[in-house]
Amino acid sequence: MNADSLLTQVEQLFNLLESRKVDYVLVGGIALLTYVEGRNTQDIDLIMALSSLTKLPEIKIESQDLYLACGKFGELQIDILLTKNPLFATVEEKYTTAKQFMDRAIRCATVEGLILLKLFALPSLYRQGSFERVGIYENDIATLMYAFNPKTEPLFAELKKHLNETDMDEVHRIITEIETRIQRFRKANK
């Protein structure tokens, strides 16, 4: 799907969500584009309640488990992070803001919300050996941290409620490596 077609279908999806009064939070690559430039994506990621999917028969669900539903809206791939997952519900509740996107205000994850979701997924992606996605997620985190310099301790405190000790160790290691790269970059560009 080309960029124009992607944006057209995203706009149609937002129109549908608005007309059906569906609560959602935009996350993932398109949400990242509301904060920084240069992120390529071919899908849209939303947080919403499972009950909201019944209001949207136009989304053809292709797979679903307890915390994630994947489907299509026309040609647009949609990944829905279900609020049954406690972290996804927390991001929906506490880490959202209104962002301007395509001539409308949409409910979007904050920088901290996006980082939480990426960090939450990374240990699992490492275990799966998903090198491409690990690289994308780590780059997304690094880009947001470089541009916005969020405090990491509150993020660790939140993640500790949702990850085991081994995964938390991995998250700390990832953030330490990213912070080291950012410091090295800033020092080289003084």
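This is a predicted model: local features need pLDDT of at least 70, side-chain atom pairs count only at pLDDT 80 or more; totals for chains, interfaces and linings use all residues.
I'll begin with the whole chain. The secondary structure comes to eight helices and seven strands. The C-alpha trace spans about 50 × 35 × 30 Å along its principal axes. For 190 residues, a compact globule would have a radius of gyration near 16 Å, and the protein has 17 Å, which agrees. Of the 190 residues, 49% are buried. If we take the contacts with a separation of 6 or more, 60% of them are between residues 24 or more positions apart. The accessible surface is about 10,300 Å², and carbon and sulfur atoms account for 50% of that.

Next, the charged pairs. How many salt bridges does a search of the whole structure find? The search gives seven, and I will go through some of them.

One is between Asp167 and Arg127, with the closest N and O atoms 2.7 Å apart. This pair links distant parts of the chain, since Asp167 is in helix α8, residues 165–188, and Arg127 is in helix α5, 40 residues apart. The surroundings of the two partners can be given separately. Asp167 has a relative accessible area of 7%, so it is buried, the cut-off being under 20%. Arg127 is at 58%, so it counts as exposed, the cut-off there being over 50%.

Another joins the side chains of Lys161 and Glu158, at 3.4 Å from N to O.

Salt bridges with shared partners join Glu170, Arg173 and Glu177 into one network. Within this group, the side chains of Arg173 and Glu177 meet at 2.5 Å, N to O. Arg173 is partly exposed at 32% relative accessible area, and Glu177 is partly exposed at 38%.

Thr110 sits in the loop between β7 (104–109) and α5 (111–128). A polar atom of the Thr110 side chain lies 3.0 Å from the backbone nitrogen of Gly113. Thr110 counts as buried at 14% relative accessibility. Leaving out residues up to four places away in sequence, Thr110 touches Tyr35, Tyr95, Thr96 and Thr97.

At the start of α4, a side-chain oxygen of Asn85 comes to within 2.8 Å of the backbone nitrogen of Leu87. Helix α4 covers residues 86–94, and its buried residues are Leu87, Phe88, Thr90, Val91 and Glu92.

Two residues have backbone angles to note. Lys21 has a positive phi of about 55° although it is not a glycine. Lys21 lies in the loop between α1 (3–19) and β1 (25–27), and is exposed at 68% relative accessibility. Asn149 is also not a glycine and has a positive phi of about 50°. Asn149 is in the loop between α6 (131–148) and α7 (153–160), and is exposed at 57%.

Last, the surface. Leu66, Tyr67 and Leu68 form a nonpolar patch there, with about 240 Å² of accessible area together. Leu68 belongs to strand β4, residues 68–73, and counts as partly exposed at 31% relative accessibility.

Terms used:
Residues are numbered from 1 along each chain as its sequence is written. Side-chain values use heavy atoms; hydrogens and water are left out. Helices (H or I, at least four residues) and strands (E, at least two) are DSSP runs, numbered from the N terminus. Buried means under 20% relative accessible area, exposed over 50%, partly exposed in between (1.4 Å probe, protein chains only). A polar contact is a pair of N or O atoms within 3.5 Å; within protein, one must be able to donate a hydrogen and the other to accept it, and residues adjacent in sequence count only if both atoms are side-chain atoms. Patches are made of residues with over 30% relative accessible area and no salt bridge: like charges are joined within 9 Å, nonpolar side chains (Val, Leu, Ile, Met, Phe, Trp, Tyr) within 5 Å. Accessible areas come from the Shrake-Rupley method with a 1.4 Å probe; for residues, only the protein chains shown count as cover. A salt bridge is a side-chain nitrogen of Lys or Arg within 4 Å of a carboxyl oxygen of Asp or Glu. The radius of gyration is taken over C-alpha atoms; the globule rule is 2.2 Å times the number of residues to the power 0.38. Contact means heavy atoms within 4.5 Å.
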